[in-house]
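Visitor: Hi! I have a protein open on my screen and I'm new to this. Could you walk me through it?

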Amino acid sequence: MARRNIVKMGDPVLRKKSKEVTEFDGRLGCLLDDMKDTLHFAEGLGLAAPQVGVLKRVCIVEYDGVLYELVNPVLTHAEGKCTDDEGCLSVPGFRGLVERPQIIDVTYFDREGNRHVQHAEGYFARVFLHEMDHLDGILFPDKMIKKLPE
Ligand code: ZN
């Protein structure tokens, strides 16, 4: 396991669309382990593979002490709206208010290729959606309705 550098806004890799994972192999496990180390060191809530320069549909979320490893996540249900503040390890210096769905369901695969369905609400849902946006090259300032100091 090793810590990787977090790419910052302005690097074109953050604007590309990531590719689906097709091989659930040791390299995927290594990427996820490294992302976990990187997230813990940076003390964030989530990290997406493009943030460490890897254009694969992989992200991790740590919420309420539980680590979720999402491979090929897909949003299958969204309802309601809520506005709350967000920050991003790739966008240092400020936070922003972003409107997102209140309740979601996400389908994803784990590192072994097993399929899972996760229901999430409120800020938990927000972290999932923020990380999944990274896989399509979207950063929170794109959706920000108000800029806030960090
Ligand atoms: Zn982010």
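This is a predicted model: local features need pLDDT of at least 70, side-chain atom pairs count only at pLDDT 80 or more; totals for chains, interfaces and linings use all residues.

Visitor: Where do cysteine 88 and histidine 130 lie?

Guide: Cysteine 88 is in strand S4 (residues 82-88) and histidine 130 is in helix H2 (residues 122-134), so this pair ties together parts that are 42 residues apart in sequence. Histidine 134 is in helix H2 too.

Visitor: What does cysteine 88 touch, apart from residues up to four places away in sequence?

Guide: Cysteine 88 touches Gln51, His130, His134 and Phe140. With close sequence neighbours again left aside, histidine 134 is in contact with Lys16, Ala48, Pro50, Gln51, Cys88 and Leu139. There is also a polar contact of 3.4 Å between the side chains of histidine 134 and histidine 130.

Visitor: Which residues does the UniProt "binding site" annotation cover?

Guide: In the unreviewed UniProt entry, "binding site" covers Cys88, His130 and His134. These residues are spread over 47 residues of sequence, yet they cluster in space, with a largest C-alpha distance of 10.3 Å. Cys88, His130 and His134 are also included in the lining of the largest pocket.

Visitor: And which residue is listed as "active site"?

Guide: That label, from the unreviewed UniProt entry, is given to Glu131. Glutamate 131 lies in helix H2 and counts as buried at 3% relative accessibility.

Visitor: What does glutamate 131 contact beyond its neighbours within four places in sequence?

Guide: Glutamate 131 is in contact with Gly46, Leu47, Ala48, Gln51, Cys59, Ile60 and Val61. Its side chain reaches the backbone nitrogen of leucine 47 at 3.4 Å.

Visitor: New topic: helix H1. What span should H1 have, and how far apart are its ends?

Guide: Helix H1 (residues 26-42) has 17 residues, so at 1.5 Å a residue it should span 24 Å, and its end C-alpha atoms are 24 Å apart, which agrees.

Visitor: Nice. Which residues of H1 are buried, and what covers them?

Guide: The buried residues of H1 are Leu28, Gly29, Leu31, Leu32, Asp34, Met35, Thr38 and Leu39. Their cover includes strand S1 (46-48), strand S2 (58-63) and strand S3 (66-79).

Visitor: What follows H1?

Guide: Glutamate 43 follows H1, and its phi is positive, near 55 degrees.

Visitor: Last one: where is asparagine 72 found, and what is its side chain doing?

Guide: Asparagine 72 is found in strand S3 and counts as buried at 6% relative accessibility. A polar atom of the asparagine 72 side chain lies 2.8 Å from the backbone nitrogen of valine 21. Leaving aside neighbours within four places in sequence, asparagine 72 is in contact with Glu20, Val21, Phe24, Arg57, Thr107, Tyr108 and Phe109.

Visitor: Thanks, I'll go and find these on my screen!

Notes. Residues are numbered from 1 along each chain as its sequence is written. Side-chain values use heavy atoms; hydrogens and water are left out. Helices (H or I, at least four residues) and strands (E, at least two) are DSSP runs, numbered from the N terminus. The expected span of a helix is 1.5 Å times one less than its number of residues. Buried means under 20% relative accessible area, exposed over 50%, partly exposed in between (1.4 Å probe, protein chains only). Contact means heavy atoms within 4.5 Å. UniProt positions are given in the numbering used here, feature names are shortened, and annotations may be inferred rather than shown by experiment. On a 1 Å grid over the protein atoms alone, a cavity is a set of points where a 1.4 Å probe fits but cannot get out, and a pocket is an open set with protein on both sides within 12 Å along at least five of seven lines; lining residues have an atom within 4 Å of a point. A polar contact is a pair of N or O atoms within 3.5 Å; within protein, one must be able to donate a hydrogen and the other to accept it, and residues adjacent in sequence count only if both atoms are side-chain atoms.
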